[in-house]
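Colleague: Can you walk me through this one? I'd like to talk pockets and surface.

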Amino acid sequence: MKKAAKKLLFLACFGGIAYLCGKLAQKAEVQEKLFAVLGEDLYLAILDKVRLGGDLLMWPIDFVRALLP
């Protein structure tokens, strides 16, 4: 039981940190700095992978929403 609680707490903390990093990365100033540091090709490749990951996480929710009246 304690192991499951620790795993759940870890996942919740990791998810919270990932969410905050995502919100921070959506700011225009941060995007400009990342674009300048990483270069156009690498920045756009990372952006595409992040968007694909978001789509993969959201597809079950979107599927259920489509089934509901």
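**Pocket and surface**

Modeller: Start with the largest pocket: α1 (2-25), α2 (28-38) and α3 (40-67) each supply at least two residues of its lining. Helices here are DSSP runs (H or I, at least four residues), numbered from the N terminus. This is a predicted model: local features need pLDDT of at least 70, side-chain atom pairs count only at pLDDT 80 or more, and totals for chains, interfaces and linings use all residues. Residues are numbered from 1 along each chain as its sequence is written, and side-chain values use heavy atoms, without hydrogens and water.

Colleague: Which helix gives the most to that lining?

Modeller: α3, with 8 residues. The lining has 17 residues, and Gly22, Ala25, Gln26, Leu47 and Val50 lie nearest the pocket centre. A pocket is an open set of points on a 1 Å grid where a 1.4 Å probe fits, with protein on both sides within 12 Å along at least five of seven lines; lining residues have an atom within 4 Å of a point.

Colleague: Switching to Trp59, is the residue buried or exposed?

Modeller: Trp59 is in helix α3. Trp59 counts as exposed because its relative accessibility is 52% (exposed is over 50%, buried under 20%, partly exposed in between, with a 1.4 Å probe and protein chains only).

Colleague: And Ala36, where is that found?

Modeller: In helix α2. Ala36 is exposed too, at 63%.
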